[in-house]
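Visitor: I am new to this structure and would like to learn how to read some of its features, one after another.
Guide: Then let us look at it together and take each feature in turn.

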Amino acid sequence: RRDAMADDDDDDDPFDALMGIDAEEFKQLLDEAPASAAAGEKVFRGGVAVVDDGSISREEFRARFLVPRVPVVIRDAAFAPTHLTPAYLRATYGDVIVPLDVTAANRADAKLGDFLDALSSTSSSNAAAADDDDDAERSRLKSRYLRNLQMHEWFPREAAKLRLPERLFGANALADAALVPRCPDSWRRWHELFVCGPECDGFPFLHRDTCGVAAASMQAHGAKRFTLFHPDDGARLYPRGGSGLRSEIPARALAKPGGVCLETYPAFARAKRITVDVRAGECLVVPPDWWHTARAVGDEVSVSVAASFVDVERADAFNDAYAEFEALRSLASVGAAT
């Protein structure tokens, strides 16, 4: 790993900013690529492998990504719900009252149509005084995040269409009560909706998903930038609480070069950040225990759906992790956990 000085230099390096990958890692990828590789055989984006849906076998997908727990972007993903555009959501569900920033202290409710209109609107300096209040409300909504909305609860008709293809992922152990007997029913069909614009700070915290589940983030519209860290970097990310699932480092600090204060978080200088953009029609697989956060990039509204899954070979590990999760939750209920 590079030292703190090198990491600081990376933040300001123009090659890094342009390519989304540091020069040292780019050179390593070139050196490691086989000389006989055909054009397009190995594609990387920000250090994350990119594969085309339909061009990789289930066996290769498992061997390269699922088993070793390596992130991957699936391009031209036929299973991505690309029909969930802002226009479709507005026309079909515009009158539905949805929660924004659902777990935050400043949670607010709004009509989905009003929220989408705000994200798509541009402010006018010539607006009439009577429109000032409307402009102020739209401005407030622009920074809001519709996130973690369970599709089967809010939009069951859409949820029925969502499924990770077994031809790539194999069976999802979460859906098998024999393999995973104590999983809550909501976890067995876990698809969450995320909608935000470029003025939103993005997901509020750097985290890893509970109980070692993997996530598949399917981009329906717009683009999203993910920041990832390998599980081995966990101690350098200052995990907090009894579960250690969240980082103390503010997620918004990761969005800008030099944003993380190294005086407060000195060990972060030794963490290896991976940044990758996911575009409409693509799916990013975040393996178990990988730290991640994300925000919208570009000019368009970002709409994505995240699915949770557990590989059948990791069912026992999930069951053990879930038993520990229940134990911690029980302790917290009586004030015995920190």
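**Reading contacts, helix packing and cavities**

Visitor: Which residues does Y238 touch, leaving out those up to four places away in sequence?
Guide: Bear in mind that this is a predicted model. With residues up to four places away in sequence not counted, Y238 touches R246, S247, E248 and I249, and also T264, Y265, P266, A267 and F268.

Visitor: Where is Y238 found, and how many residues apart in sequence are Y238 and I249?
Guide: Y238 is found in the loop between β10, which covers 223–229, and β11, which covers 239–240. Y238 and I249 are 11 residues apart in sequence, while in space their C-alpha atoms are 6.9 Å apart.

Visitor: At what angle do helix α5 and helix α6 pack, and are they roughly parallel or antiparallel to each other?
Guide: An angle over 145 degrees counts as roughly antiparallel. Helix α5, residues 86–93, and helix α6, residues 112–120, pack at an angle of about 150°, with their axes 9 Å apart, and α5 and α6 are therefore roughly antiparallel to each other. The crossing of α5 and α6 is left-handed.

Visitor: Which residues make the contact between α5 and α6?
Guide: From α5 the contact is made by P86, L89, R90 and Y93, and from α6 by L112, G113, L116, D117 and S120. By class, this contact of α5 with α6 has 5 nonpolar, 2 polar and 2 charged residues.

Visitor: How many cavities of 30 Å³ or more does the structure hold, and what lines the largest cavity?
Guide: The structure holds 2 cavities of 30 Å³ or more, and the largest cavity has a volume of about 110 Å³. The largest cavity is lined by 14 residues, of which L66, R69, A214, P288 and F309 lie nearest its centre. The residues of this lining divide into 10 nonpolar, 1 polar and 3 charged.

Definitions and conventions:
Residues numbered from 1 in each chain as written. Predicted model: local features only at pLDDT ≥ 70, side-chain atom pairs only at ≥ 80, totals over all residues. Heavy atoms only, no water. 1 Å grid on protein atoms, 1.4 Å probe; cavity = no way out; pocket = protein on both sides within 12 Å on 5 of 7 lines; lining within 4 Å. Points joined across faces, edges and corners; volume = space filled by probe spheres on them. Nonpolar A, V, L, I, M, F, W, Y, C, P; charged D, E, K, R; others polar. Axes fitted to C-alpha atoms, helices over the stretch in contact; angles between N-to-C directions. Helix = DSSP H or I, 4+ residues; strand = E, 2+ residues; numbered from the N terminus. Parallel < 35°, antiparallel > 145°, perpendicular 65-115°, else oblique. Left-handed = near helix turned anticlockwise from the far one by under 90°. Contact = heavy atoms within 4.5 Å.
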